[in-house]
Amino acid sequence: MTSALLVDAALVLLVLGLALWITAARAAYGAAVGFVAYGLLLTIVWVRLAAVDVAMTEAALGSGLTGLLLLGAAARLAPYEAAEHQRRPGPWLRVLVGILCAAIAAGLAAVVLLLPDPAPSQALAVAAQLPATGLANPVTGVLMAYRAIDTLLESVVLVPALIGVWSLSTEMAWGGRPGFLTPWRSGSALPLLARVLPPFGILVGIHLVWAGADDPGGKFQGAAVLAAMWILVMVAGLREPPSVSDRLMRFLLIIGPLCFIGIGAAGIRLAGAFLAYPEAYAKPLILAIEVGLTISVTAVLGLLLAGPPAPEPQYQRRSRRRS
Amino acid sequence: MTAFLLGAAAFVLGTVALGLVRILRGPSNVDRMLAAQLLGTGGVAALLLLGVATGVGAVSEVGLLLALLAAFGSVAFVTGAGRSSDAAATDSAADTQGTARSDPE
Amino acid sequence: MSLALDLFTIVAVTLGAIFFLAGTVGLLRFPDTLTRLHALTKADNLGLGLVVLGLLPQTTAPLGWIGLIAVWLLALLSGATVGQLLAEAVRPPEWDQNRTPDALPNVPPNAPEASSHD
Amino acid sequence: MSGTTLFGLCAATLVGLGLYGLICQPGALRKILAFNLIGSGVFLLFGVIAQRGGGVLALAGTGRDGDPVPQALVITGLVVAFAATAIAVTLLVRLAETSARGTLEGDEPPPQAPPDEPRP
């Protein structure tokens, strides 16, 4: 297995090198480019850690969508960046902080090296309970049954996050369309990509949600892919982002959490506890929640990237002038 | 066979890692994006090799996701570049190595 | 039979790895951004393609084959698009000088036009 | 030393690096990046623990390895971390638009008070 260790060592060196670049690069734009590559490497690390479900989430969210977010922000903030370099702390302070951070890292490393040897694990307990849910993917089983309250809170908290982003608009712009995703130029290859890629992407996204019951995948991975395709279409200028006061879109944003809470509350009557599923119907109920959550998470992720409503998006003016 | 595939994965990873020197040297941000893009393709190749070598199923689906979103970094890059042209063309003067050599473009 | 397939895998994966090496060398050694872009596409198309080709005999199920080939096709599509996008990003501004936003449909012949803008 | 331990040490280093960047980098976007580094380090620690916890499954003879409970927690965490990053980035872009600053240090007033928003 030495060659496997070689791969792992190469991966770790790469990840650490990129992390060093992200921390130390002078310009934020270069650091953000490094972060895209970093997310990709982490995906491979997750595969090496036998966590394929996590690897899929990292590939879609960590590398794809976060990269889009950070690169866009770095471009917007570049004009203000030059003044920041004078604000760096002095050399002595940096050395002191470096020593303290190294101490924290060393402490964590010691914890890793001293982990108890028969590692504590809930894997057997999950494997024993899994057949009751009708699922075969233990990660989905944990998300939907064992720690369902976690998943419920997470899906609920995404909506306030979006409201938080929206609330950063100006008063005049409220009710308009989100303004972060302005298309670049019309005469490029981007519209072609935005026409060809989404059919495949939508297929893959729905497949991930459907297969997530038994194989690696699930609603979050699928929703991230679907959101990415939606964003691609918006960036290419083929479709405008929906206005924030659109009733249908607002309903889609909350249908997942509503579905989850409704089925969870029904569990009080039918199975004796909040979020408990009656065993005979566990699988169809979980599937219903997953479908609802996929719709809502897709909408939330896409709109989080689309940003707060802007007075009048630039590209609207541009395209109007052209047509 | 397993050892060969693992070795090939390590080789591809190491090679594209060398390409990351471009991320350090620049000189323009487009060059950095090129290095990230090469790392993306090489990462997918290494992932597929690893998956077949270790017999982890569904690795090809992870590769599929990566390939599907491979263009996203560059799409974000060019749309961001259009937003503020000075960020994409060359580095700010703050970059240590970028200032030394003149820009090819 | 199995030996021949293994040999095929070794040859194809090795060739693919060489293309990755070539792409990296080109990325590091070529003088300017546009030529580096050219080096990158070799690794994208041939490197990954040969690795996928070499892995095909090692996966049994036809679903696995479809997955591997789909990975390569998607990489081809995004590689081609990314090449266009980044090349436009490095295009010197003087090429664009006589182009106003209103004259955008008249793009140079090297940029494919997606004029059917709805 | 096994690969899992190696990844654990990598995670510890990532947390240290990210913490350094969070404190020493003046730009707020750099702080967000550094915070994401810390986050990924913590997630990797979870992954290492999940991988170790999967040992019992290998003994029991089931196919998949890895403790699914920490893995599920990481998936939840990744989605929430993305949402938090999106809010932070939007807040920062808004701050820069209104005050022409890319940092959170507000000692002196901004060079000039730009108009609140370009009128359409």
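This is a predicted model: local features need pLDDT of at least 70, side-chain atom pairs count only at pLDDT 80 or more; totals for chains, interfaces and linings use all residues.

Q: What makes up chain D as a whole?
A: Chain D has four helices and zero strands, so that its elements read α-α-α-α from the N terminus on. Of the 120 residues in chain D, 58% are buried, and among its contacts with a separation of 6 or more, 49% join residues 24 or more positions apart.

Q: How many residues of chain D and of chain A are in contact with each other?
A: The contact involves 73 residues of chain D and 85 residues of chain A. On the side of chain D that touches chain A, each of α1 (3-24), α2 (28-53), α3 (55-60) and α4 (68-99) supplies at least two residues, and the largest share, 22 residues, comes from α4(D). By class, that side of chain D has 42 nonpolar, 21 polar and ten charged residues.

Q: Why are α3(A) and α9(A) described as roughly parallel to each other?
A: Helix α3 (residues 52-77) and helix α9 (residues 219-235) of chain A pack at an angle of about 30 degrees, with their axes 9 Å apart. Angles under 35 degrees count as roughly parallel, and α3(A) and α9(A) are therefore roughly parallel to each other; their crossing is left-handed. The contact includes A:Met56, A:Ala60 and A:Leu68 of α3(A), and A:Phe220, A:Ala224 and A:Ile231 of α9(A). By class, this contact has eleven nonpolar, three polar and no charged residues.

Q: What makes α3(B) roughly parallel to α2(C)?
A: The axes of helix α3 (residues 29-54) of chain B and helix α2 (residues 33-55) of chain C come within 10 Å and cross at roughly 5 degrees, which makes α3(B) roughly parallel to α2(C). Among the residues that make the contact are B:Leu34, B:Leu38 and B:Ala45 of α3(B), with C:Leu37, C:Leu40 and C:Val51 of α2(C). By class, the contact of α3(B) with α2(C) has 15 nonpolar, five polar and three charged residues.

Q: How many residues of domain 1 and domain 3 of chain A are in contact?
A: Chain A is divided into domain 1 (1-77), domain 2 (88-119) and domain 3 (128-323). Eleven residues of domain 1 are in contact with 15 residues of domain 3, and 24 Å separate the centres of domain 1 and domain 3, taken over C-alpha atoms. By class, the side of domain 1 that touches domain 3 has seven nonpolar, three polar and one charged residues.

Definitions and conventions. Residues are numbered from 1 along each chain as its sequence is written. Chains are lettered from A and ligands numbered from 1 in the order in which they are written. A residue is buried if 20 or more other C-beta atoms lie within 10 Å of its own, exposed if 12 or fewer, and partly exposed in between; C-beta atoms are placed from the backbone. Two residues are in contact if their C-beta atoms, placed from the backbone, lie within 7 Å. Axes are lines fitted to C-alpha atoms, for helices over the stretch in contact, and angles run from 0 to 180 degrees between N-to-C directions. Angles under 35 degrees count as roughly parallel, over 145 as roughly antiparallel, 65 to 115 as roughly perpendicular and the rest as oblique. Ala, Val, Leu, Ile, Met, Phe, Trp, Tyr, Cys and Pro count as nonpolar, Asp, Glu, Lys and Arg as charged, and the others, Gly among them, as polar. A crossing is left-handed if the near helix is turned anticlockwise from the far one by less than a right angle, and right-handed if clockwise. Domain bounds come from an automatic or database domain assignment.
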